[in-house]
Amino acid sequence: MIDQAPRSIAAGTGVGPVHLAVTDGARALEFYRDTVGLTPLPADGGQIRLGVGGRELVVLHPGAAGAVPQGTTGLYHLAIVVPTRRDLARFIARAATQRYPNSPTDHVLTKSDYLWDHDGNGIEVYTETPEDGSWGFAGDSFGAVDSAGRQRSGRDPIDLETLFAELRPGDRLEEPLPAGSHMGHVHLHVGHLADAVDFYHGLMGFDVMGISRRFGAAFVSAGGYHHHLGLNTWAGPGAPPAPPELSGLRHFTVELPTEAEREAVLERLQRGGVPAEAVEGSHQVVDPSANRLQLRLRDG
């Protein structure tokens with residue numbers, strides 16, 4: 001595994017739209033619109049585009065032959081960050097009133113809710129709460145420290161009574177996710193952690209924020225963010241890619257701030273023997289676990 005950091009990827013780098021295969025387009029549209037709170041966008045060619053404020057976040061590709069298979073590489077979850085605790089409270093309350101299974105989790109540094117669509121694609125909706133504490137790695141483990149200096153697991157249930165106190169009498173639970181919501185990170189199942197870190201850190205240039213071989217997980221980012229990409233072997237070491245006809249990740253997007261930075265990343269990938277295919281204004285590459293990503297310029 002590469003220990004010496006290469007030239008870091010540009011601080012303005014982030015993640016963008018995530019493309020998912022689903023079985024039933026109408027059912028998936030209803031879930032991502034009415035439960036997640038995304039807004040449908042104009043689309044053609046059978047795709048279903050959804051986003052916030054006109055910005056594309058999720059693209060659905062109906063017609064998959066079955067649900068996401070277990071024990072394979074691919075998407076663990078996509079993660080949409082909302083601006084405030086109140087926005088997260090509204091999201092969790094909406095899922096609860098719909099009786100849709102979800103798992104509100106207190107990571108200290110963030111507050112998150114986890115759920116899965118009808119095909120098994122994972123979704124996280126979260127808000128940043130650095131005033132509550134931080135998380136990090138010590139030795140071969142990771143955890144959190146709250147603002148009072150107490151050690152926390154970072155995986156406790158959210159205090160929902162306190163969170164729901166953020167709601168106001170006029171709040172409408174059916175409102176879509178607010179302006180400013182965006183794709184915060186993408187978390188992937190990979191076959192081999194070392195290979196994944198070598199690719200995303202050693203070639204692409206994301207900074208390593210922490211690695212735990214004990215837990216089979218690593219987190220990498222640009223510009224000091226806690227993570228833009230999560231990498232784990234929780235589907236099993238050496239997990240194979242999923243059959244392409246089933247539901248799951250089609251590809252995710254890495255957005256770069258300038259053309260010069262994109263060319264620099266493509267050059268590093270080329271030197272590492274990773275081919276890049278030009279696709280509609282972007283470049284598609286495949287990581288060592290057969291996860292596909294597209295490199296493109298950030299909008300705006």
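Start by selecting Ser-247, which sits in the loop between strand S16 (229-232) and S17. Helices (H or I, at least four residues) and strands (E, at least two) are DSSP runs here, numbered from the N terminus. Before you go on: this is a predicted model, where local features need pLDDT of at least 70, side-chain atom pairs count only at pLDDT 80 or more, and totals for chains, interfaces and linings use all residues. Residues are numbered from 1 along each chain as its sequence is written, and side-chain values use heavy atoms, with hydrogens and water left out.

Is Ser-247 buried or exposed? Ser-247 has a relative accessible area of 3%, so it counts as buried (under 20% relative accessible area; exposed is over 50%, partly exposed in between, with a 1.4 Å probe and protein chains only). Now show its side chain: it reaches the backbone oxygen of Gly-66 at 2.7 Å. Not counting residues up to four places away in sequence, Ser-247 touches several others, including Ala-21, Val-22, Thr-23, Ala-67 and Asp-119 (contact means heavy atoms within 4.5 Å).

In S4, its bridge partner is His-61. Select strand S1 (residues 14-21) next: 8 of its 8 residues are buried. Which way does S1 run beside strand S17 (residues 248-256)? The two are antiparallel, joined by 6 bridges, and Val-15 has Val-254 as its bridge partner in S17. With strand S4 (residues 55-61), S1 pairs in the parallel sense over 4 bridges (strands pair if DSSP finds at least two bridges between them).

Over to helix H1 (residues 25-36), where you'll find Thr-35. Thr-35 counts as buried because its relative accessibility is 5%. Its side chain makes a polar contact with the side chain of Gln-98 at 2.5 Å (a pair of N or O atoms within 3.5 Å; within protein, one must be able to donate a hydrogen and the other to accept it, and residues adjacent in sequence count only if both atoms are side-chain atoms). Leaving aside neighbours within four places in sequence, Thr-35 is also in contact with Phe-91 and Arg-94, among others.

Phe-91 and Arg-94 are among its buried residues, and what covers the buried residues of H2 includes H1, strand S7 (110-116) and helix H3 (160-164). After H2, look for Arg-99, whose phi is positive, near 60 degrees.
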